[in-house]
Amino acid sequence: ISMYSFIIIIIIILLIMLSFINNNNNIKINKINKIDNMTNSEISCIIPGELYLTDATNAKDYSVLKYLGIKQILIVGNELSRHGDDQFKVMHIRLEDHPEENIKKYFNITYEFIKQAPTLLHCAMGISRSSTIVAAYIIRKYKKTTDEVLAFMKEKRKIINPNYGFINQLKDFEKNIEKAD
């Protein structure tokens, strides 16, 4: 082989290797972008590695839940079915989205559940019931006010909107936490 042929072969090998490396990186980047896009718009990360919030449909995207490291699912809704996947520990709170519902009675038991492992919470839309449980958890764990917590959560998931009865129960819960300290 002449020196010229040898150089051409080396260049071709380098181009093939570069193309392979670039292709692998694009696949990884596309996968990461897909997960990021999904988590930004459909599964909201409230506290990384700890607390996630979504709706009933996206809560069943088990491959994304595994990717995020979620170990538990907390369902808040009378009309919602239990998850059929055994890889997650599940708690189901049967509750309607009405201001008269006593959601406060579940704040402590859900706190104990959530603190065990990274948890995804959902109700039908991820707007009122599950966001109220998330807010109660943050109020208790981080000793924040209801208004602070709801403002923080809206930065993470713009559509949260607990009904007025649930907000009043969060404020009562907050006062009880302050008294306990």
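This is a predicted model: local features need pLDDT of at least 70, side-chain atom pairs count only at pLDDT 80 or more; totals for chains, interfaces and linings use all residues.
The secondary structure of the chain comprises six helices and five strands. Read from the N terminus, these elements follow the order α-β-β-α-β-β-α-β-α-α-α. The chain has 181 residues, of which 43% are classed as buried. When contacts between residues at least 6 apart in sequence are considered, 63% of them link residues at least 24 apart.

Two packed helices are described by the angle between their axes and the distance between the axes. In the pair formed by H3 (residues 107-114) and H4 (residues 129-142), the axes come within 9 Å and cross at roughly 80°. Because angles of 65 to 115 degrees count as roughly perpendicular, H3 is placed roughly perpendicular to H4. On the H3 side, the contact involves Phe107, Asn108, Thr110, Tyr111, Glu112 and Ile114, and on the H4 side Thr132, Ile133, Ala136, Tyr137, Arg140 and Lys141. By residue class, this contact of H3 with H4 contains six nonpolar, three polar and three charged residues.

Within H3, the buried residues are Phe107, Thr110, Tyr111, Phe113 and Ile114. These residues lie on the same side of H3, because the arc they cover around the axis is only 165°. Of the buried positions, Phe107, Thr110, Tyr111 and Ile114 are also among the residues of H3 that make the contact with H4.

H4 also packs against H5 (residues 146-156), at an angle of about 120° and with the two axes 9 Å apart. H4 is therefore oblique to H5. The crossing of this pair is right-handed. The contact brings Ser131, Val134, Ala135, Ile138 and Ile139 of H4 together with Thr146, Val149, Leu150, Phe152 and Met153 of H5. Eight of the residues in the contact of H4 with H5 are nonpolar and two are polar, with no charged residue.

An α-helix has 3.6 residues a turn, so residues three or four places apart point the same way. In H5, the buried residues include Thr146, Val149, Leu150 and Met153. Their arc around the axis is only 95°, which means that they share the same side of H5.

The loop between H4 and H5 contains Lys143. The phi of Lys143 is positive, at about 55°, although this residue is not a glycine.

A further loop joins strand S3 (72-76) to strand S4 (89-93), and Gly84 is found in it. Gly84 has a relative accessible area of 70% and is therefore exposed. The C-alpha atom of Gly84 is 9.2 Å from that of Lys60, although the two residues are 24 residues apart along the chain.

Phe88 is found in the loop between S3 and S4 as well. With a relative accessibility of 6%, Phe88 counts as buried, whereas Gly84 is exposed. Apart from neighbours within four places in sequence, the residues in contact with Phe88 are Tyr62, Leu65, Lys66, Ile70, Lys71, Gln72 and Ile73. The C-alpha atoms of Phe88 and Leu120 are 10.0 Å apart, with a separation of 32 residues in sequence.

Notes:
Residues are numbered from 1 along each chain as its sequence is written. Side-chain values use heavy atoms; hydrogens and water are left out. Axes are lines fitted to C-alpha atoms, for helices over the stretch in contact, and angles run from 0 to 180 degrees between N-to-C directions. Helices (H or I, at least four residues) and strands (E, at least two) are DSSP runs, numbered from the N terminus. Angles under 35 degrees count as roughly parallel, over 145 as roughly antiparallel, 65 to 115 as roughly perpendicular and the rest as oblique. A crossing is left-handed if the near helix is turned anticlockwise from the far one by less than a right angle, and right-handed if clockwise. Contact means heavy atoms within 4.5 Å. Ala, Val, Leu, Ile, Met, Phe, Trp, Tyr, Cys and Pro count as nonpolar, Asp, Glu, Lys and Arg as charged, and the others, Gly among them, as polar. Buried means under 20% relative accessible area, exposed over 50%, partly exposed in between (1.4 Å probe, protein chains only). The arc is that of the directions from the helix axis to the C-beta atoms.
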